[in-house]
Amino acid sequence: MKVAEHQDGDIHDSDGSSSSSHQSLRSTAKWAASLENLLEDPEGVKRFREFLKKEFSEENVLFWLACEDFKKMQDKKQMQEKAKEIYMTFLSNKASFQVNVEGQSRLNEKILEEPHPLMFQKLQDQIFNLMKYDSYSRFLKSDLFLKHKRTEEEEEQPPDAQTAAKRASRIYNT
């Protein structure tokens with residue numbers, strides 16, 4: 001039954017008439033399932049960034065996202081520019097959004113001359129694990145996440161369904 005609902009939602013999505021409440025309910029459930037799911041959803045990233053900003057650690061997700069973009073690049077000149085941007089923004093001593101990772105002191109601007117798609121992978125993995133085992137679990141308990149989840153649930157359930165459920169529970173509990 002769920003598959004049919006999902007397929008039905010997909011059909012509606014393609015013509016633009018899908019209700020946002022169906023999608024948003026799925027989104028918080030997906031976000032809660034894994035950090036990977038959260039980071040694949042633009043709305044999830046937006047909410048997570050809001051949370052990390054309050055915790056003064058937004059640079060972690062910004063670095064992770066920059067590395068994801070970098071890995072997809074093909075053009076060598078663009079890679080050099082992006083590698084330098086990542087280094088100057090997140091890894092150098094003077095970085096405006098410096099991330100705290102092991103091994104960044106061994107990085108220097110020489111490596112930026114010969115960039116390769118996975119050159120930041122170890123550092124990106126460190127940041128991912130930091131987020132996964134630290135800030136992500138706090139995010140799932142945060143008011144920001146819980147309020148968003150509650151809003152979705154209220155949009156998903158019509159008010160009369162809630163009262164019917166309460167009536168049913170009173171009947172069965174007597």
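Two helices count as roughly antiparallel when the angle between their N-to-C directions is over 145 degrees. In this predicted model, helix α5 (residues 58–71) and helix α6 (residues 76–91) pack at an angle of about 170°, with their axes 10 Å apart. The two helices are therefore roughly antiparallel to each other. Helix α5 contributes Glu-59, Leu-62, Phe-63, Ala-66, Cys-67, Asp-69 and Phe-70 to the contact, while α6 contributes Met-79, Lys-82, Ala-83, Ile-86, Phe-90 and Leu-91. Of these residues, 10 are nonpolar, three are charged and none is polar.

This pair belongs to a protein chain with nine helices and zero strands. Of the 174 residues in the chain, 33% are buried. Among contacts with a separation of 6 or more, 62% join residues 24 or more positions apart.

The structure also holds eight salt bridges. One of them joins the side chains of Arg-138 and Glu-55, at 2.6 Å from N to O. This pair links distant parts of the chain, since Arg-138 lies in helix α7 (residues 121–141) and Glu-55 in the loop between α4 (42–54) and α5, 83 residues apart. Glu-55 and Arg-138 are also linked with Asp-134 in a network of salt bridges.

A salt bridge between Glu-81 and Lys-77 (3.9 Å, N to O) has another setting: both residues lie in helix α6, four residues apart, which is about one turn of the helix. Glu-81 is partly exposed, with a relative accessible area of 48%, and Lys-77 is exposed, at 55%.

Glu-58 and Arg-49 likewise meet through their side chains, at 2.8 Å from N to O. Here Glu-58 is buried, with a relative accessible area of 10%, whereas Arg-49 is partly exposed at 32%.

Technical notes. Residues numbered from 1 in each chain as written. Predicted model: local features only at pLDDT ≥ 70, side-chain atom pairs only at ≥ 80, totals over all residues. Heavy atoms only, no water. Axes fitted to C-alpha atoms, helices over the stretch in contact; angles between N-to-C directions. Parallel < 35°, antiparallel > 145°, perpendicular 65-115°, else oblique. Contact = heavy atoms within 4.5 Å. Nonpolar A, V, L, I, M, F, W, Y, C, P; charged D, E, K, R; others polar. Buried < 20%, exposed > 50% of the residue type's maximum accessible area, 1.4 Å probe, protein only. Salt bridge = Lys/Arg side-chain N within 4 Å of Asp/Glu carboxyl O.
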